[in-house]
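Come along, and keep the picture beside you.

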Amino acid sequence: MPPGGRLGPGYLTEEEKKNQPKVTKGLLLRIYSYLKPYRKQMALVLLAILISAVLTLMPSVLTGKIIDEGLIAKNMKALLMFIGLSFGLTLVANLIGILESYLNTWIAQHITFDMRNKMYKHLQTMSQRFFTSNNQGDIITRMTSDISGVQTVITNTLASILSNSITLIVAMVLMFRENWILALVGIAVVPLFAIPTRNAGKRRWVITKDSQACNDEINGILNETLSVSGQLLVKLFGMEEKEYRKYETVNRKMIGLNIKESMAGRWFRMALGTFTNIGPMLIYLIGGLIMMRYDSSVTVGQISVLVALLGKMYMPVNQLLNIQVDWIRSMALFTRIFEYYDMKPEIENAPDAIRPQSVRGEVEFKNVRFYYEPEREILKNISFKLDKGKCIAIVGPSGSGKSTLINLIPRLYDVIDGTVLFDGEDVRKLDLNFLRENIGIVSQETYLFNGTIRENLLYAKPDATEEELIDACKRANIYDFIEKQETGLDTVVGNRGLKLSGGEKQRISIARILLKDPALLIFDEATSALDSISEQKIQDAIEPLIASRTGILIAHRLSTILAADEILVIKDGEITERGTHQELVSAGGVYTQLYETQFSKAAAVSSAPDFSYSEGET
Ligand code: ATP
């Protein structure tokens, strides 16, 4: 493993240093709570690590026997026996190593499985605000790389700390058992080889970073000047010589850095080579001195054992010295994940949520105020009532708050002030599932999952029969299209439904709502222009739909507006006018202006006129 493990370079970036997490007892206990269900398996891993550490070191101890009792005593039988034993132990140690890796991976996979599921479930409870205000990439990173990082922590960092510490302790115990003076000499040598390695590694990393930056610069120059349009510019301005000189300068800088980098590696290997040799030499020297001058009971074999054991200490010491970086990163990783777990869902079911037996689909807004950010009020004092079977059309300039208003009904957001009532009950007191089951929204931007038309339809009613699916499609005016497809309802819609046209997507989403059959239908009419035939098809689908149920239409076209019982005109978050089409047209207000400017113009170009307009046009 490279210094610092597999999480990245072995040194913390400035940013990581600044944001070092506070490692508290609480954090450690919380991490442990995820490991706890697997404590039995972990105990087994610990045992495997211990056994394999001891077994891996045993051949070093046997070196002494091979030398003293085999070679020096010229005893072939003992020699063969110890060599065989040494080989056998190494084999068993490696086999246990395999078991250990398997168990380790198994535990890590299961812990990340639990954490991922928990995170996914938790994210599902987060409000619309969370998804609109957080970068989608961040959310996905939390779900994927951060949690995968946990796996690395368990299989690498934790395992490395454990196995290296155990190897070191066992090696030291064995050294002291052989000869305490030589053991002390060996241990005194350890920092000699550990520290230069660390410093050399650090220097190398700095150079690598510089050379990466230099490489980026070179690529930038090549991309700019060797592209078709770049070359044209260079030629037309006669800049060939200047560009060449610029390139040559960076290129020269690059070779300097490359040489430095390779030499940093060389120094590093030299330091390591020198110091790894000094240790054994010192043990030979002092061991020899003791053996020849002071204590003739010290054997050549013993000295060799110490040298061999010292050799086994290099790697663990180095890895443990570098583990600090991994440790800090791991803690930061857990902290980030826990931060997400700790986010409270903004919109939750009330503890005593009501789930009425019957539903009418009536809506009432009472003095509703709403903002996304306090400094900008979006809805100001909105009040209106929608009775069962009636239909309200909302019109108003783009950005006046129409979509925001309807989002308050299924509680995608909660009001800041005032009340939204559904069937006479404050929506905050109703069971969220009940509320959402009974509201169907055909939104402006139709979202279809990547799958077949059938799968998208079944999303609304998983147990729908073939007849029901076909009937819904017919009523949504999309069946003609489906019939023409080779695979019919099993036609794949493509990523987000991109293989379909805007109009087709919208009619599928209408069919989906028909299957859901909600008590209240909300239709957010698309502002984007559709050709008049598609337009008419949607219109034909939506009209019978709203005629038979309670509905709110955010309307951009006159034909939709005419289907409504009442029209609310919203401007700057306020209802400025209300009434029927006839009343509003003759009132001579904003609506009249809209009708005259927008509808008469649109009527000239399309049979299904676009009634949308933007701020400032009124
Ligand atoms: P359109 O007809 O163009 O769809 P609209 O009347 O439906 O417009 P809304 O989508 O309700 O308008 O938006 C009202 C205002 O609220 C806009 O100015 C918009 O910028 C702002 N807004 C919408 N969603 C958010 C959000 N999630 N966070 C902050 N501001 C938002």
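**Entry 1: a term before I start.** I count two strands as paired if DSSP finds at least two bridges between them. I also note that this is a predicted model.

**Entry 2: the six-strand sheet.** I looked up the strand order and found β6-β7-β8-β3-β9-β10, an open sheet with mixed pairing. At its edges I found β6 (439-442) and β10 (574-579), each of which pairs on one side only. From one strand to the next, the twist averages 20 degrees.

**Entry 3: starting at β6.** How many bridges join β6 to β7? I found four, and the two strands run parallel. For a spot to look at on screen, I picked Gly440, which stands opposite Leu521 in β7. I also saw a helix here: α16 (residues 502-516) lies across β6 and β7. Its direction is at about 175 degrees to that of β6.

**Entry 4: on to β8.** Next I followed β7 (residues 520-524) to β8, and found five bridges with the strands running parallel. Here Ile522 is the residue opposite Ile552 of β8. On to β3 (residues 391-395): four bridges join it to β8, and this pair runs parallel as well. In that pair, I found Ala393 opposite Leu553 of β8.

**Entry 5: is β8 buried or exposed?** I checked its residues, 550-554, and five of the five are buried, so the strand is largely enclosed by the rest of the structure. For this I needed a cut-off: buried means under 20% relative accessible area.

Then I asked myself which way the side chains of β8 point. In a regular strand, side chains alternate between the two faces of the sheet. In β8, Thr550, Ile552 and Ile554 point one way, while Gly551 and Leu553 point the other way. Residues in both groups are buried.

**Entry 6: the four-strand sheet.** I then turned to another open sheet, where four strands come in the order β2-β1-β4-β5 with antiparallel pairing. Its edge strands are β2 (376-386) and β5 (425-426), and each pairs on one side only.

Within this sheet I looked at β1 (residues 363-373) and β4 (residues 417-422), which are joined by five bridges and run antiparallel. Which residue of β4 is the bridge partner of Val363? I found Phe422 there.

Terms used: Residues are numbered from 1 along each chain as its sequence is written. This is a predicted model: local features need pLDDT of at least 70, side-chain atom pairs count only at pLDDT 80 or more; totals for chains, interfaces and linings use all residues. Side-chain values use heavy atoms; hydrogens and water are left out. Buried means under 20% relative accessible area, exposed over 50%, partly exposed in between (1.4 Å probe, protein chains only). Axes are lines fitted to C-alpha atoms, for helices over the stretch in contact, and angles run from 0 to 180 degrees between N-to-C directions. Contact means heavy atoms within 4.5 Å.
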